Amino acid sequence: MQASFPGVVISGSGLFRPADVITNDELVTAFNAYADRQNALHADAIAAGTHQALTHSSVEFIEKASGIRQRFVLEKSGVLDPTRMYPRFEPRGDDQLSLMAEIAVDAARQALADAGVAGEQVDAVICASANMQRAYPAMAIEIQQALGARGFGFDMNVACSSATFAIEQATNALRCGTARCVVVVNPEITSAHLEWRDRDCHFIFGDVCTALVLQRADDVPAGRGFEVLGTQLVTQFSNNIRNNFGFMNRAEDRDPADRDLTFYQEGRKVFKEVVPMAAAHIEAHLAALGQAPAQVRRFWLHQANQGMNQLVIKKLVGADAGSDVAPLILDRYANTASAGSVIAFHEHRSDLQAGDLGVICSFGAGYSIGSVVVRKR
Ligand code: CO8
């Protein structure tokens, strides 16, 4: 006898966006002041050839190489202070809501309101992000409590693919009957693990939090939300995007300022290797569902680099497809790690008609690629 599983619907979405914005002009001015300061400090060693001078960053390079024009951050004064170059956060007591939970609860409440669901109807919370604020207790359990949710919560990390991988976990829980209403949150405080003193990457990331509500289809009124037709995940080990920060650092007597304890990457290799992987992955996933890329009304792609997305889309549906087929949000938000494709979905979904097909797809560190094929109800 064949088992029959209930359908699953994405019934709501929410987005927390910090108030602080850093434009490329502000970012480059701060970086160049930092570089000048460092070069003055090490002038003798630079003249003797034993120390490498820092080179200025440029707005033109950033916009041409990435398409990024600005980013939102939770705290900009520390990032733009050439004597500091990272955000300033007030430590909070254990009895206070943690910052990561705070932004997740904000986004989750918006998503619940969008879905017309109360906190106490939620029976699972998945906090999926490229980095957690602490080791334990799980962020998801703190968020679960703040939302007044029942059931269970857990954290997971697959870097930039955390959101799509979490959507699959939520979908499986709903199909198997271990939950009826799941909240997936993606709080990305990238500003705290980006190396703002490295011109190769200082422009790449921004902070946000996204949230999705997923429910059993029979709990969602007809005509609302997006039915999940299928999810497909793949990983392939690569060191080209890496961050070695972790609980072993103290035991290894590491200097907290070591370069490999924040984000670092081989950007060009990532670009070259991930584009064909992502395009082939989406094509294969659609084929498994009896669909072709040309039938897809909208691709909500990971938001790392404008050129990368244009190439993925060119491989899938040809060079003529414009921003209506694959909207970009990275010009305003920069790369927001796992939240990028969900921001694109959140901001560019209301014009889809019943029956329209869409693909949410992430790609990033791991390497990891996750795709979610949906149909507007
Ligand atoms: N200003 C001026 N010049 C610069 C700058 C700058 N800011 N930065 C580099 N240059 C110079 C370089 O030194 C180089 O000079 P030269 O030719 O003389 O050596 C030249 O410009 C070209 O440099 P690149 O080859 O590095 O430039 P690219 O054209 O490759 O562009 C990018 C760099 C934009 C980084 C591009 O390679 C890229 O976007 N690649 C894809 C990367 C990507 O998608 N990564 C995914 C990471 S996201 C993820 O998985 C989540 C991780 C967890 C989140 C962490 C949050 C902190």
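A residue is called buried when its relative accessible area is under 20%, exposed when the value is over 50% and partly exposed in between, with a 1.4 Å probe and protein chains only. Helices (H or I, at least four residues) and strands (E, at least two) are DSSP runs numbered from the N terminus. The structure described here is a predicted model, in which local features need pLDDT of at least 70 and side-chain atom pairs count only at pLDDT 80 or more, whereas totals for chains, interfaces and linings use all residues. Residues are numbered from 1 along each chain as its sequence is written, and side-chain values use heavy atoms, with hydrogens and water left out.

Strand E4, which spans residues 124–128, is mostly covered, five of its five residues being buried. Two strands are taken to pair if DSSP finds at least two bridges between them. E4 is joined by five bridges to strand E5 (residues 152–156), and the two run parallel, with Ala124 standing opposite Phe152 in E5. From E4 the chain crosses through helix H5 (residues 139–147) to E5, and this β-α-β crossover is right-handed, a term that applies if, with the strands pointing away from the viewer, the path from the first strand over the helix to the second runs clockwise.

E4 is also joined to strand E6 by four bridges, and these two strands run parallel. In E6, Val182 is the bridge partner of Ala124, while Val183 stands opposite Val125. Strand E6 covers residues 181–188 and is mostly covered, with eight of its eight residues buried. The loop between E6 and E7 contains Asp207, which is buried, with a relative accessible area of 0%. The C-alpha atoms of Asp207 and Asn335 are separated by 8.6 Å, although the two residues are 128 residues apart along the chain.

Helix packing was described by axes, which are lines fitted to C-alpha atoms, for helices over the stretch in contact, with angles running from 0 to 180 degrees between N-to-C directions. The axes of helix H4 (residues 99–115) and H5 come within 9 Å and cross at roughly 50 degrees, which makes H4 oblique to H5. Angles under 35 degrees count as roughly parallel, over 145 as roughly antiparallel, 65 to 115 as roughly perpendicular and the rest as oblique. For helix H1 (residues 24–41) and helix H3 (residues 59–66), the axes come within 9 Å and cross at roughly 125 degrees, and H1 and H3 are therefore oblique to each other.

In an unreviewed entry, UniProt annotates residues 154–222 as "domain: Beta-ketoacyl-[acyl-carrier-protein] synthase III N-terminal". Over residues 154–222 the chain is 22% helix and 29% strand, with the end C-alpha atoms 30 Å apart. The UniProt positions are given in the numbering used here, feature names are shortened, and annotations may be inferred rather than shown by experiment.
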